[in-house]
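Here is a set of questions and answers for reading a chain alongside its sequence and its model.

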Amino acid sequence: MNDLKEQRLTVKFCVKLGNSATETFAMLNTAYSDVAMKRTAYFKWHERFKDGRQSIKDDERPGRPSTSTDDPHVDKINTLVRANRRLTVRGAC
């Protein structure tokens, strides 16, 4: 589990114990000092869990998903560029 998800899970646990956001921040900042979330992030997640949120995953973000780095798209662009020397990666997009 990566550090951010682990910290969110710990914040969720502290909320269930009834700890305040300030107490949670102090404890987790001591425990994760080298990779700790920012103070505002702790308070945001504390509030979300206090309001009943169950998931520790990020919310979906609006906008176009990044598909340019998956293998089928990379192969397709590579094939197009190699087939036509005048075509550039910028022109193929």
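Q: At what angle do H1 and H3 pack, and how far apart are their axes?
A: In this predicted model, the crossing of H1 and H3 is right-handed. Two packed helices are described by the angle between their axes and the distance between the axes. For H1 and H3 these values are an angle of about 50 degrees and axes 9 Å apart.

Q: Which word describes the arrangement of H1 relative to H3?
A: H1 and H3 pack at an angle of about 50 degrees. Angles under 35 degrees count as roughly parallel and those from 65 to 115 as roughly perpendicular, with the rest, apart from those over 145, taken as a separate class. The angle therefore makes H1, relative to H3, oblique.

Q: Which residues of H3 make the contact with H1, and how many residues of that contact are charged?
A: From H1 the contact draws on Gln-7, Arg-8, Val-11, Lys-12 and Val-15, and from H3 on Tyr-42, Trp-45, His-46, Phe-49 and Lys-50. By class, the residues of this contact include five nonpolar and two polar, and the number of charged residues is three.

Q: Which residues of H2 make the contact with H1?
A: Helix H1 covers residues 3-17 and helix H2 residues 21-31, and their axes come within 10 Å and cross at roughly 140 degrees. That angle makes H1 oblique to H2, and H1 passes H2 in a right-handed crossing. On the side of H1 the contact is made by Gln-7, Thr-10, Val-11 and Cys-14, and on the side of H2 by Thr-24, Met-27 and Leu-28.

Q: How many residues in the contact of H1 with H2 are charged?
A: The contact joins Gln-7, Thr-10, Val-11 and Cys-14 of H1 to Thr-24, Met-27 and Leu-28 of H2. Divided by class, these residues comprise four nonpolar and three polar, while the number of charged residues is none.

Q: Which residues of H3 does H2 meet?
A: H2 and H3 pack at an angle of about 130 degrees with their axes 10 Å apart, and they are therefore oblique to each other. H2 passes H3 in a right-handed crossing. The residues contributed by H2 are Ala-21, Thr-22, Thr-24, Phe-25, Leu-28 and Asn-29, and those they meet in H3 are Arg-39, Tyr-42, Phe-43 and His-46.

Q: Is Thr-24 buried or exposed?
A: Thr-24 lies in helix H2. Leaving aside neighbours within four places in sequence, Thr-24 is in contact with Val-11, Cys-14, Asn-19 and His-46. Because its relative accessible area is 1%, and the class in question requires a value under 20%, Thr-24 counts as buried.

Q: Which residues does Tyr-32 touch, not counting those up to four places away in sequence?
A: The place of Tyr-32 is in the loop between H2 and helix H3 (39-50), and with a relative accessible area of 11% this residue is buried. Tyr-32 and Gln-7 are 25 residues apart in sequence, while their C-alpha atoms are 8.1 Å apart in space. The residues that Tyr-32 touches are Glu-6, Gln-7, Thr-10 and Tyr-42.

Definitions and conventions:
Residues numbered from 1 in each chain as written. Predicted model: local features only at pLDDT ≥ 70, side-chain atom pairs only at ≥ 80, totals over all residues. Heavy atoms only, no water. Axes fitted to C-alpha atoms, helices over the stretch in contact; angles between N-to-C directions. Helix = DSSP H or I, 4+ residues; strand = E, 2+ residues; numbered from the N terminus. Left-handed = near helix turned anticlockwise from the far one by under 90°. Contact = heavy atoms within 4.5 Å. Nonpolar A, V, L, I, M, F, W, Y, C, P; charged D, E, K, R; others polar. Buried < 20%, exposed > 50% of the residue type's maximum accessible area, 1.4 Å probe, protein only.
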